[in-house]
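Please keep the sequence and the structure at hand while reading.

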Amino acid sequence: MSSGFSREQVTAIAALAHLELNDAEIDLFARQLGDILAAADAVQRVDTTGVPPTASVVTRHASDRADEVRPCLDRDEALANAPDPAPDAGLFKVPRVIG
């Protein structure tokens with residue numbers, strides 16, 4: 001595949017990213033970045049006429065279900081197994097995990 005990046009371009013990108021590259025790495029990255037651009041160009045050239053835009057290739061998942069209102073646990077039942085419940089406040093305490 002052709003190289004679409006020069007050594008100077010790779011050096012400039014490396015400087016922006018605060019990377020120190022040796023000569024072998026510069027040559028390697030120039031070739032690899034060129035290969036990536038060539039692959040992206042090949043994908044861009046694919047004829048997609050008549051193909052509708054999609055957000056996902058899967059239309060439905062096995063886990064999808066209708067969004068229906070269902071009864072939930074009442075407060076006392078939800079707090080029954082809490083380690084340090086405060087039923088009057090409608091909450092329970094948990095161990096502190098940040099600072």
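A residue is called buried at under 20% relative accessible area, exposed at over 50%, and partly exposed in between, with a 1.4 Å probe and protein chains only. Helices (H or I, at least four residues) and strands (E, at least two) are DSSP runs, numbered from the N terminus. The model is predicted: local features need pLDDT of at least 70, side-chain atom pairs count only at pLDDT 80 or more, and totals for chains, interfaces and linings use all residues. Residues are numbered from 1 along each chain as its sequence is written, and side-chain values use heavy atoms, with hydrogens and water left out.

**Helix α2**

Helix α2 covers residues 23-44, which is 22 residues. The expected span is 1.5 Å times one less than the number of residues in the helix.

Ile-26, Ala-30 and Gly-34 are the buried residues of α2. They line one face of the helix, because down the axis of α2 they fall within an arc of 65°. The arc is taken from the directions from the helix axis to the C-beta atoms. An α-helix has 3.6 residues a turn, so residues three or four places apart point the same way. On the face turned away from the buried side, α2 carries the exposed residues Ala-24, Ile-36 and Val-43.

At the start of α2, the backbone nitrogen of Ala-24 has a side-chain oxygen of Asn-22 within 3.1 Å.

**Packing of α1 and α2**

The buried residues of α2 pack against α1, residues 7-16. The axes of these two helices, α1 and α2, come within 9 Å and cross at roughly 105°. Axes are lines fitted to C-alpha atoms, for helices over the stretch in contact, and angles run from 0 to 180 degrees between N-to-C directions. Helices α1 and α2 are therefore roughly perpendicular to each other; angles under 35 degrees count as roughly parallel, over 145 as roughly antiparallel, 65 to 115 as roughly perpendicular and the rest as oblique.

From α1, the contact is made by Arg-7, Val-10 and Thr-11, and from α2 by Asp-23, Ile-26, Asp-27, Phe-29, Ala-30 and Leu-33. Contact means heavy atoms within 4.5 Å.

Thr-11 sits in helix α1 and is partly exposed, at a relative accessible area of 39%. The side chain of Thr-11 also reaches the backbone oxygen of Arg-7, at 2.8 Å.

**Loop and segment residues**

His-18 is in the loop between α1 and α2. Most residues other than glycine have a negative phi, and most peptide bonds are trans. His-18 is not a glycine, yet its phi is positive, at about 55°. With a relative accessible area of 74%, His-18 is exposed.

Asn-81 lies in the loop between α3 (75-79) and β1 (85-86), and is exposed at 76% relative accessible area. Val-97 belongs to the segment after β2 (91-92) and counts as exposed, at 76% relative accessibility.

The table lists C-alpha separations.

| Pair | Apart in sequence | C-alpha to C-alpha |
|---|---|---|
| Thr-11 and Asp-27 | 16 residues | 9.9 Å |
| Val-97 and Leu-79 | 18 residues | 21 Å |
| Asn-81 and Ala-39 | 42 residues | 55 Å |
| His-18 and Ala-66 | 48 residues | 50 Å |

Terms used
Polar contact = N/O pair within 3.5 Å; in protein donor to acceptor, adjacent residues only side chain to side chain.
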